[in-house]
Amino acid sequence: MPQQIAVITGAGTGVGRAVALELAANGWQLVLAGRRAEPLREVARHCGGDAVAVPTDVTDPGAVDALFSETAERFGRLDLLFNNAGTFGAPTPVEDLGHAEWRAVVDLNLTGAFLCAQAAFRLMKGQDPQGGRIINNGSISAHVPRPHSVAYTATKHAVTGLTKSLSLEGRPYRIACGQIDIGNAATDMTAAMSSGVRQADGRIAPEPTMDVADVARTVRHMAQLPLEANVQFATVMATAMPYIGRG
C-alpha cells in the first residue's frame, strides 16, 4: 500500500504524542500540529522519517487553512485527521466560571475541532482517490461529567454531535468519522489523579490510570481499518476507574 498521511493536532504532548509515535512506528507519514514549536519538533525527531512539525493555533481559521494547505502541497492528499487538541480548563464551580475561561475551552475543544474537521473534509472530498478518516478525541466526559467541569463536559458532548454529523455527511465521499472516548490515560493532564481528584460525592480520592500507549494502539486500529469499516465510538479507560456504577 502507498504510505498514508495523517495530521495530528495537539501532537506535542500526551495522547497526541503517543499516537504520533505509534503511527510512525507503523509506517505513517505525519504532519504534527500544536501551539508550541519545540515539543512538536521533539516528537518529529522521535518519529523519524519525514515527519513535519507545523506550529498551529487550531482556534485560528487562517492557521488551520495553512496547516491543511501545507499538508496538501507536501503530500498531495490526507488519509487521517486525529482531531486531538483540547484543554480541560481550571476546575471551577459553574457559578464561578468566567466568560473568558468558558470561551477558551469552547474555542479550543469545539471550534478548533470543527475548523480542523472542516478543512480535512474539504481535502478528503476533493482528492483522488476520494475519501479519508477523521477520528475525534472525545472523553469519558462525553458520557458523564466530573464535578466543576461544565465547559469541558459541554464541549465533549458537542464533539459527539460533530462526530455524528461528519459521519452522516461523509458517507457519499468515503469519509469515515469515529470518536475515541478516553478515561484516565496517564499523561501530564491526569497527573493529579494519583494524589486525588474530586468525586461526585465531594470526596477527594485517587483514581487508577492506564498507559497512554494503550490509547495509541486503539487509535492505530481505528485508523488502519479500510474505509468500508468504521469504529463509530470507542471507550478506552482504566479498568478500575469510577465510571461504571455509582460513586
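Q: What is a salt bridge here?
A: A salt bridge is a side-chain nitrogen of Lys or Arg within 4 Å of a carboxyl oxygen of Asp or Glu. Side chains of opposite charge can pair when their charged atoms come close. This is a predicted model, in which local features need pLDDT of at least 70 and side-chain atom pairs count only at pLDDT 80 or more, while totals for chains, interfaces and linings use all residues. Residues are numbered from 1 along each chain as its sequence is written, and side-chain values use heavy atoms, with hydrogens and water left out.

Q: How many salt bridges does the rule give?
A: The count is 12.

Q: Where do R174 and E228 lie?
A: Helices (H or I, at least four residues) and strands (E, at least two) are DSSP runs, numbered from the N terminus. R174 and E228 form a salt bridge, 2.9 Å from N to O. This pair links distant parts of the chain, 54 residues apart: R174 is in the loop between α5 and β6 (175–183), and E228 is in the loop between α6 (212–224) and β9 (233–237).

Q: Is E228 buried or exposed?
A: Buried means under 20% relative accessible area, exposed over 50%, and partly exposed in between (1.4 Å probe, protein chains only). E228 is exposed because its relative accessible area is 64%, whereas R174, at 39%, is partly exposed.

Q: What separates D214 and R217 in helix α6?
A: They are three residues apart, about one turn of the helix. Their side chains form a salt bridge of 2.3 Å, N to O.
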